[in-house]
Amino acid sequence: MGAAPDSPRPHWIGTLLYVPLLYGLGWLSARPFGLLFPSWRPDQLDLAGAAIALVLLLATLPWRLRRAWDSPTPWRSLGVVVAPAAGVRAFGRGLLKAVLLLVGVSGVLVATGQARWGGTLTAAEGLNALALLLGVGFAEELLFRGWLWGELELLAGRRRAIGLQAAIFALVHPWTRLPGPEALALLGGLVLLGLVLALQRRADGGALWGAVGLHGGLVGGWFALLAGPLQIAPGAPAWLVGAGSTSPNPIGGLLGWLGLGALLWVRRRWWSPGAGPAGRALDAQP
């Protein structure tokens with residue numbers, strides 16, 4: 001990320017409409033599945049639409065980056081194409097951070113009597129967790145810490161872009177479905193997560209895979225914990241365990257805030273826009 005002074009600037013209307021148009025096309029393309037498979041639930045149709053939208057995103061991103069970013073190597077600019085060893089190391093470091101965060105949250109909940117260990121994880125649930133790790137981790141990081149962050153840097157500059165991408169990342173998640181205090185707590189946690197993931201990418205020299213491992217590890221790991229091994233007490237306070245009564249999101253609680261805040265502190269030297277390469281800087285690498 002970080003454009004040279006003479007770099008092109010995408011038009012803000014294109015940035016604003018690009019992904020919603022793809023999502024709308026995916027949603028429309030999935031409607032016929034309802035006729036072919038009458039037993040499909042609305043959420044299954046929506047998932048099919050999201051999958052089609054992702055395929056459209058992957059198909060059109062190279063064109064978008066060549067046109068709006070003047071990037072000769074689009075996938076390198078997005079941090080997807082990196083040296084294999086560097087990508088594996090980055091993914092492993094991000095995944096390890098996710099595991100440590102989840103172990104810390106779970107340990108405190110069990111130690112304070114707000115949760116207990118029990119139950120098992122089925123093979124189907126394990127595969128679901130793996131799909132969340134890889135699918136959600138890659139799709140959302142490609143979209144937010146890859147494409148969106150790069151567009152915002154060209155439109156608003158490096159200093160503003162890191163905060164803007166975190167704010168947009170938080171706002172598009174369904175935090176408004178929760179009661180007022182819990183909604184605000186989850187919104188704040190999502191902003192923190194967006195900042196942590198951006199600093200992770202900077203620390204990895206622009207490679208996207210560390211952010212994929214961290215983000216996907218949190219989503220897939222928490223799903224796996226709640227599916228069996230970790231049982232949250234019915235009366236566990238939302239301010240501690242996270243927003244959402246039946247399936248709490250830990251980044252909306254005090255423990256999640258503390259964990260993400262600790263990661264921000266650890267990565268604080270990468271906050272400066274000139275601290276490390278990202279995005280478009282990878283175009284210059286062999």
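## A loop to start with

Let's begin with Asp-70, which sits in the loop between α2 (42-69) and α3 (74-77). Helices here are DSSP runs of H or I with at least four residues, numbered from the N terminus. The model is a predicted one, where local features need pLDDT of at least 70, side-chain atom pairs count only at pLDDT 80 or more, and totals for chains, interfaces and linings use all residues. Residues are numbered from 1 along each chain as its sequence is written, and side-chain values use heavy atoms, with hydrogens and water left out.

Asp-70 has a phi near 55°, a positive value in a residue other than glycine. As background, most residues other than glycine have a negative phi. Asp-70 is also exposed, because its relative accessible area is 54%. The cut-offs go like this: buried means under 20% relative accessible area, exposed means over 50%, and partly exposed is in between, using a 1.4 Å probe and protein chains only.

## Where α5 and α8 cross

Next up is a pair of helices, α5 (residues 123-156) and α8 (residues 209-227), whose axes come within 7 Å and cross at roughly 145°. Those axes are lines fitted to C-alpha atoms over the stretch in contact, and the angles run from 0 to 180 degrees between N-to-C directions. The crossing of α5 and α8 is right-handed; that label applies if the near helix is turned clockwise from the far one by less than a right angle.

Who meets whom? On the α5 side, the residues include Leu-132, Leu-133, Val-136 and Phe-138, and they meet a set in α8 that includes Trp-209, Val-212, Val-219 and Phe-223. Contact here means heavy atoms within 4.5 Å. Sorted by class, the α5 and α8 contact has 12 nonpolar, six polar and four charged residues. For that count, Ala, Val, Leu, Ile, Met, Phe, Trp, Tyr, Cys and Pro are nonpolar, Asp, Glu, Lys and Arg are charged, and the others, Gly among them, are polar.

## Two residues on α5

Glu-140 belongs to helix α5. Leaving out residues up to four places away in sequence, Glu-140 touches Arg-145, Phe-169, His-173 and His-215. Glu-140 and Gly-216 are 76 residues apart in sequence, yet their C-alpha atoms are 9.0 Å apart in space.

From Gly-126 to Phe-223 is 97 residues in sequence and 9.1 Å in space, C-alpha to C-alpha.

How far apart are the end C-alpha atoms of helix α7 (residues 180-203)? They are 35 Å apart, which agrees with the 34 Å that its 24 residues should span at 1.5 Å a residue. The expected span is 1.5 Å times one less than the number of residues. Helix α7 is mostly covered, with 18 of its 24 residues buried. Just after α7 comes Gly-205, with a positive phi of about 70°.

The largest nonpolar core has 60 residues, and Leu-61, Leu-78, Leu-109, Leu-142, Trp-147 and Leu-214 touch the most other members. The largest share of this core, 12 residues, comes from α7. Such a core is a set of buried Ala, Val, Leu, Ile, Met, Phe, Trp, Tyr and Cys residues joined through side-chain atoms within 4.5 Å. Setting aside residues up to four places away in sequence, Leu-214 touches residues including Gly-94, Leu-95, Val-196, Leu-197 and Leu-263.

## A look at Val-19

Val-19 lies in helix α1 (residues 12-36). Its relative accessibility is 21%, so Val-19 counts as partly exposed. Not counting residues up to four places away in sequence, Val-19 touches Leu-143 and Trp-147.
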